Amino acid sequence: MDCIFCKIIAGEIPSTKVYEDDMVLAFRDINPAAPEHIVIVPKNHMESANDITEENIKYVTAIWQVIPKIAKELGFAENGYRVINNCGEDGGQTVPHLHFHLLGGRKFTDF
């Protein structure tokens, strides 16, 4: 498989990890859109939100459990943050592996 996020999960491509467990990997985005920009991926390959099933929803649940932990650890949970998932080409998804962007460290006024 030629998935960049699968290669990051496997350690074939370096990343700046901020969190890892048996289901989830979170690392700093290489082109941050905010002072804190973390990419959170399931360790199970799913191309997009369209591929979430009853069998793999546990990975998405794990991600949503980790998001507030990361925000708190990095110091922006109390002030707030934004979580983004892009699905498909028209939705702005550029890497075909389900992932969430956790953005913090500034006030977001645009949508």
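## How the first strands pair

Two strands pair if DSSP finds at least two bridges between them. In this predicted model, β1 and β2 meet that rule: they are joined by three bridges, in the antiparallel sense. K17 has F27 of β2 as its bridge partner. Y19 stands opposite A26, also in β2.

What joins β1 to β2? A hairpin does, passing through three residues.

## The chain as a whole

The chain holds two helices and five strands. Read from the N terminus, the order of elements is α-β-β-β-α-β-β.

How far does the C-alpha trace of the chain span along its principal axes? The spans are about 35 × 30 × 25 Å. The radius of gyration is 13 Å, and a compact globule of 111 residues would come near 13 Å, so the chain agrees with that expectation.

## The sheet

Strands of a sheet pair through backbone hydrogen bonds, in either a parallel or an antiparallel way. Here the five strands form an open sheet, and the pairing is antiparallel. The strand order is β1-β2-β3-β5-β4. Which strands are at the edges? They are β1 (17–20) and β4 (81–84), and each pairs on one side only. From one strand to the next, the twist averages 20°.

## The helix across the sheet

Helix α2 covers residues 57–74. Which strands does α2 lie across? The list is β1, β2, β3 (36–42), β4 and β5 (100–104). Against β3, helix α2 runs at about 155°.

## The largest pocket

Rolling a probe the size of a water molecule over the atoms shows where empty space is left. The largest pocket has about 340 Å³ of space. Its lining is made of 20 residues. Closest to the centre are F5, I8, F27, D29 and I30.

Which elements give two or more residues to the lining? They are α1 (4–9) and β2 (24–28). Helix α1 gives the most, with three residues. By class, the lining of this pocket has nine nonpolar residues, nine polar ones and two charged ones.

## In brief

Five strands make an open, antiparallel sheet. Helix α2 lies across β1, β2, β3, β4 and β5. The other helix, α1, gives the most to the lining of the largest pocket.

Definitions and conventions
Residues are numbered from 1 along each chain as its sequence is written. This is a predicted model: local features need pLDDT of at least 70, side-chain atom pairs count only at pLDDT 80 or more; totals for chains, interfaces and linings use all residues. Side-chain values use heavy atoms; hydrogens and water are left out. On a 1 Å grid over the protein atoms alone, a cavity is a set of points where a 1.4 Å probe fits but cannot get out, and a pocket is an open set with protein on both sides within 12 Å along at least five of seven lines; lining residues have an atom within 4 Å of a point. Grid points are joined across faces, edges and corners, and a volume is the space filled by probe spheres set on the points. Helices (H or I, at least four residues) and strands (E, at least two) are DSSP runs, numbered from the N terminus. Ala, Val, Leu, Ile, Met, Phe, Trp, Tyr, Cys and Pro count as nonpolar, Asp, Glu, Lys and Arg as charged, and the others, Gly among them, as polar. Axes are lines fitted to C-alpha atoms, for helices over the stretch in contact, and angles run from 0 to 180 degrees between N-to-C directions. Contact means heavy atoms within 4.5 Å. The radius of gyration is taken over C-alpha atoms; the globule rule is 2.2 Å times the number of residues to the power 0.38.
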